[in-house]
Structures are given as structure tokens and as C-alpha cells.
Amino acid sequence: MQNRDNRIQFGAPIAQDFFMHIQRFLEAGFWYWDSQTQHFHFSRKVLVALGIKFDERGIAQDDFFSAVHSDDQKLLRKTFSRLLSGRSVTGDLEFRLLRKGSWRWIRAKVAVSEHDSAGNVAFIIGKFYDVDPDKYMVMSDPSADTSFPFAFFKFNPIANDFTLQSRCCFFNVNQGERFSLFNELKPHLSDKTHNKLILHWRQFVASPEGAFSFTLRYIGSAGQVRDIILIASKNPANIELIEGAIVDFTSLQGGAISSTDRARYSALLNSHQLIFISFDSSMGITFCNKYAEKTLGFKCAELNADSNFKKLFASSPDAYRRFVEYLKESGSKPFESVITAKDGTQKIIVWSILVGFEVVNELTIIGRDVTAVRAQEGSLAKQKHRLNLYRNLCSKVFQPVETKNIYLNLGLQLEHAFPHNISAVFSFDSSDDFLTIEGIYGISQRQRGSFIDDLGWNPVGRRFKIQSNAIEMLKSGKPIQVQQSLYELADGNISVSAAKIIERNFGIQDLYVTGLVVRDEFFGGILLFASAESAPDLDMLADVALILSLAIQKHRAEQKSAATVNDLRFQNCRKLDLMSHLSHEIRTPLNAILGFSQLLVGSELSESIRNQYFDIIKSKGKALNRLINDIIDFNKIEKGELTIVNSLVNVKALLKEIYQFYLNELVLLNNDAVDLKLTLPENSANLELFTDEGRLEQVLENIIDNALKFTERGVIEIGYIVADDSVNFFVRDTGMGIDPKMQELIFEKYRQLDTFQVQGSTGLGLKITKEIVTLLNGTINVESELGVGTKFRVQLPLSLPTDTMLVDEPLVEDKRRADFKNRVILIVDDEEANHLILQELLTDWGATTIWAKNGKEAVELVSSINQNIDLVLMDIRMPVMDGYAATMEIKHINSKIPVIAQTAYANEEDRLKAEAAGCDGYITKPIDTSVLSGILEHFLGN
């Protein structure tokens, strides 16, 4: 080996390792073939197993092949040819080798390990498996009289074909090849025997029986007669897989079984995990295989001693007698019995008599341990029962049912799920941690009546306080066996005597409880009362509880959904009513505006009458504006977009302005029946509040409007007081008053529509008022008495400003006439009417105006005459180019030109957009002339 290293150029690591440790590998059972000497070299272990003397030169290739069975030489030579030609690099084959007059089956794995410099195979290495006689079954030459040949097979019920697990000595079928056993046997059997064999086999395959045996007379092609037996068993791990063997027992017929033959047959049955026991005429055991000893726990000799075999059947007193009768009658059908092995474990054995194998007055029986199969069958039956139960349960509990009947329906289904148990269903109220017994199930009406009579009260409908630790336990959703007594479990909610009555009437030995819970939703639970004979399946209880919990969750979701749909329908109807009502409310002031406007045209009216008409038009315009603002604000409240813009507000000045406005309203309405009063605290002239002045004014006007609507005559008093760190505004009237039941509801939307149908009432004002007060960090409440009057109080905190806001009003009240002589103001608005109004105002104030119909025109004008433009009044919503984009372009041209945003959308988002675009101020439409004058004075004043 050493002097051959120089020609090994393409060595694989496995070969190098092999030859570095050649002695160790040869001792372990390896062999190799040398291409130069054409010799095989075997390890001593292999040589001993094969009965060959050790020779350092090895065995010549031809000599080795000549010792191989003639049927296998072709396969062996073909394998070597493929390895030498390079078509394969590995191989796995079985062949028979003749040693000491007997054929021995050999399994070999082979691999090409080295090539020489020319690329030819230098070495082939391999290993024999199962060559130890103690570990590998020896098969004799079929031609010898002492032969006991057999072949293993597998049967696939789906494909309906057989596969050999070893080469067969009966007919020409190779190992691993699929074939039809009955077609192969047909030429060698009588028609009667062949038909009977097929019938019995089909019955075995279709039945739950685990073992099969059938003896037949086989006539070879040369006319020789052979006795053959087919044995088979179903695999416990895979009941669809059938394994078996074809055995030639010709040499055993009519004579005693030799110890060698018995050992061979025993080894065959051991490979299929079958019990093999032979009895004599007096039921003495003459032989049993190793698997029988392993399964039963007794050695063969021990089974005869002290009637140990009979004692195996002790768990069923009548079983051994029936077993003996079965043997004596040579029963054709398998016999199933339960035995108790030596270690105390119980096993289910299916026994079958080996028909046609009677030898010297002996009876041979095969037993198959089907304990695992029966357990699996029991488990499958249990799962099938559960599945049917769950299907039925789901079909019942997920049906629509009235809320009051939901727990009743669940309880009735519990009776079907646990027919041998009494159960109680309880619900849970999370608002007070009380549970309510909804029903008791599993008892008859007579038992129920007797139980209630003994107890003295009906537990159904009773409410019990439940502790937090018990709630957490039930929320786990896992069934728990309660270790406490019923009295302890009830935590003092029932007396000791009552607990004993319940336990006695229900025969309670054990108590189980599980919660009805889905995720974090806890609905209640189930109490299951069990006696010693009715212990429930806890896994099934958990599944049933989950199904019931999902049913409750679904029911509640449906109820909630139905309530939501009904509420949406109600809201939709109310909105339609509101729109109809608003249409009327809008037309009322609009009719006055249009009517008095027509009277002013072409009429010869006195100056005082014309001024009166103007005041009415102005008043109704403001009312219409407030109504539109209410609608906009209501929409903002629905979307959660109502915003607040704070500034310093002189409280006294604001109240006096509001008071003066409503005095004028009463004069215009010619209402002398209502007296309006203003009550102000002393020394509060300089009191300032940091709040949203417009929103505060809106709140007070909505309350005063409400007072005017419901006060036909009497007094309406408005005012405020200062208390500690807050300002308390009040509006008190002597009107019709509000029913106490309605006082908390008047701040809900549409409630005024429901309660009062008064002209001028939209049903929105007080709802908006409450929302605004909340945003102002204040509170509002009402006190009222029917026929006496109503008082509203609004409390706002005194606070200091924390940030600066966009200028949208004059910083200092100035009563001087506006004068903007020689100032050029660019009006950007796509509405001509808006331009005309602004033009008239600004011209009256001495300013010169320029008009741009959209943002693009405004940018072009600023670009051409930007040094001559002093200020821009920029509309936001315009075609071609909106006010935001136009402002950014103008600021890019001349950043010093003040740009004042004007829009009908008075919300915080628009203010922030305007500020981001570069606007210097912000004014809302319709434009208040005093606010506009103040802003212009701020930016254009000296």
C-alpha cells in the first residue's frame, strides 16, 4: 500500500482516511477491491462470519464471484461494471454467498474511492451489513431437503399490489419489485384453493382484524409438491400497511419440529412482532417465541409453572375459559382478549389459530398485540364523538336568539354535551363584579321542585358578589377542579346548611368550574357538578366553554350592531328633520332681508324709516350669519374639528356690547314685554380673560337666544361675577322653565327639536354651546323650575396667555373714522359682489383699490407694480390659483407687502395654512367693518 501512494492523484478525503487507518477499518468490518491485483481484501470480522480463512493476498475477483449464487452474479458484475465505467460512484446490493453448504444473504454498500493518474478506478471500498449469524437470518439452498425458505413482503391496500422485501425463492420476482402475488401463485394452485385464498385475503384486508394465516399446497413447475403458509399482520403504527411472509414448511409436515426450524420460524415471527405459542393436547405450552416472552413478561418455562398463563386472563374471569374453548373448537375467526402481563400492564391480544400447521398433536396459535391499535381506535371514536357534538353545538348556539334566552339556550346545549352531569350557568356584570345564576341544567322538573323546596329559595336569578382573584382565575378560560367545598367557594354568599342541601340533592363529589371568556371579554362561567361515576372530560369542557363564549360574543356583537344601526337610522331621520327645520329657519331672516331690500328700492320713505329698514336688514343678516355658523360648528363638532383661538378679552366690554346688541333687537322686534338687564360687579372694568372672544360671545348669545325664545314676558338678566380663580357668567330668565327630567338632555343634539317646536330653535345651539365651553376648559350647568324660570351658568378659568396668535382684530379699540388716503390696496376675489363691497368701504376710507379675479392675476399685478401696492386682501378659495399659492408667489416677489387672508372657513386648519403660506393676518367672511378697519390700521397706520 505504501509504494502505491505516488499514483493516487484524485483521492477523496474518505479514501485517504480509509487507507491511513486501514488496519482499524478492516477490523471493523470493511473491505476493499484493488484494481492492480484484482483481489478483494476483507476484514477478519467478515472472514470469520463467512467461514473463510485469513489470507493477506486477499481473494481473487473471479474466485469471489464464483461463490455468489448464479441468480445474483449478474447483478454483482453489473454493479462493478457501472462503478468501473464511471456511470455510478456508489452502490447498494444484496446477494447470496455459498459458505459451508448454505447460502447466506449478504448486503453490501460499495463506493469508488480513488482514481489513478489516468482517471481509472484504483480502489473500490465497501462494507457488509448483517453478516453476523446471530444477527442475520441464514437461508438454505432451496434444492436441499433441509431447506426452510421464506420471503418477506409488504402489501399496499390502495394500490392493491405486493412488494418483496427480499428475493423470493418461489418465483422469479426481484427484491423491491411490485407484483401480483395471486397471479404468481395461480399456476401453482388448484382453482378452488386459489379462489379461497383470494376471498380470505380480501376479507382480512377489509376487516379490523390484525393477523392473517393461510396454508396451501404449492405445485412447482417440475411437479414437486411444497407446503406453503402465508402469514401477515397489520402495522400498529399504520393500519393501512400490511406486512407478511411466504414460508415453505414442507420439511416440517408430519414430523417433529427441530430446534433449528423452530428457531427459524420464531425469528420470522419476531420480525413481524407476533406472539407464537404452541400447545400440546393438555394445554401445556411446548414453545413460545422471544416476542411472546417479551410481551407477556414470562419465559416459556415460567408460563407453564404455577398456571401463570392462565393468570394472564385474571382481569376477566370468563376470558380463559372462552380462550380454551376457542382453541379446542379450532375457531376460524380471531379471538380477542384482555391479558395482564407480568409487569401489571394490560394488553389487548387478538389470537388466531395457525390452520394447517398441526405437528405431532400440537396446536400453534399466533397472537397480535393490538393495544395501541385499540387505543387509537378509541381515540378516533372519541374525537369523532367530540366532532359531532361540536357540530351540533355550533348549529344550535349560533342561531339567532333573544337576549333573555341566550343563557337558557347555552344551558340546554350543556345538557347534551354532558348528559351525566348537573351544570349551572352564571353571567357576569363587570359594572359591579356580581354574577347571576342564569339556570341549573341536567335535572328533571320534579328534582328541581324538590330541591327548591328543601333549600327554601330558588338559586336561579340570585346575584352574588365575586372577588377579584376569582375573576382572574375564571378569565384564564381553563377548566379547574375546585378543591374547596361549595360553602367555601361561595365565599359566604350561601349558608353552610344551604351548601349541604345542594351537595346532597345533586350528589356532588367533585366540582369543576370554567370561565366563559374570549380574549379579555369575560361573560360568566359554568359550574359542573360531578359524582364519582361522572367525572367530565376537561378538554371537552374547555372546548364547549369556548364555543359557548364565542356564541355569547357573537350575540352581543349582533345586539350592539343592531343598536348601532337603529341609532344611525334615528340620527339620519333626525338629520333629515333638522335639514327641513333649518330650511325654514334660513328662509325666515332671508325673507326679511329680501323684503326690506325691495322696499328700499324706489320708495319715497322718510330717513328714519329707511334707517329702521337698514337696521332690520343688518339684524336679520347677523341672525342668518349666526345660523350658518351654527351649522358649520355643528359639522365641526361631528368631525371633532372645532378649534379655539385665544386672546385677551375685556370681559366688561364684551358683556356691554352683547347687552347693547340685544337691547337693539328688542326695539327692532317691538318687544316691550321683556325687560333686559345687565349686572356687572364693581371694580371689574379692567378684568381681562385669556380665551377665544368669538367663541365666548357665541356661547352667551346662544344662551340669551334660548332665553328669548322661551320668555314671552318678564325679565332676562345677563352678567358675571368673579370668584377665586374663575369668572362665572350667568343668564337668568323668568320664562316657562324646563322640566327637571329634560335638564340633562337639553345639551344633546336634536333634543330641542324633540322637546320644543319654537320658531328660531334649530336644536343645535345648546349642544354647540356645551362643546365650546368644554374646549374653553370651562363648565356649564342649568337650574330651572317649570313656570318660574331658568338660570344658565358658565364658569371659565382665569388664565394668562401662553402664546401669540395671528392678528384678526384691532389691538386697540379706536372709534376714529378710518382714513387710508393715498394707500393702494389690491383686492383678490373671484366674486364681483365681494369686490364691490370692499371697494365701497375702502374708497370711503380714502384708499385706492385694484381688483384681481384670481391668484394668478394678483401675482402678475404685484410683479408689474409691486412698489405701489401697500396691502393685499387675499381670498383663499379661487379658481386658476388659490390664495395660498398666490401669497407664496407674492412674498417671493416682495416680502414686505402685507397679505391679509379673507375666507368663509374660520377654522384652525385654514389659519395655520394661511400663516404657513406667508399671510400676515386673517379675517373671516362676512367681513365686520370694524375688524377690517382695525387690521388695516394695524398694518397701514402711521
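The structure is a predicted model, in which local features need pLDDT of at least 70 and side-chain atom pairs count only at pLDDT 80 or more, while totals for chains, interfaces and linings use all residues. Residues are numbered from 1 along each chain as its sequence is written.

The sheet is open and has 5 strands in the order E25-E27-E28-E30-E29, with mixed pairing. Strands (E, at least two residues) and helices (H or I, at least four) are DSSP runs numbered from the N terminus, and two strands pair if DSSP finds at least two bridges between them. Strand E25 (674–679) and strand E29 (779–785) are the edge strands, each pairing on one side only. E25 pairs with strand E27 (residues 714–723) in the parallel sense over 6 bridges; valine 674 has glycine 714 in E27 as its bridge partner.

Helix H22 (residues 693–709) lies across E25, E27, E28, E29 and E30, at about 20° to E28. Angles run from 0 to 180 degrees between N-to-C directions, and axes are lines fitted to C-alpha atoms, for helices over the stretch in contact. Contact means heavy atoms within 4.5 Å.

Elsewhere, helix H20 (residues 607–639) packs with helix H21 (residues 651–668) at an angle of about 120°, their axes being 11 Å apart. H20 is therefore oblique to H21, since angles under 35 degrees count as roughly parallel, over 145 as roughly antiparallel, 65 to 115 as roughly perpendicular and the rest as oblique. Among the residues that meet are Asp615 and Arg626 in H20 and Phe661 and Glu665 in H21.

Methods:
Side-chain values use heavy atoms; hydrogens and water are left out.
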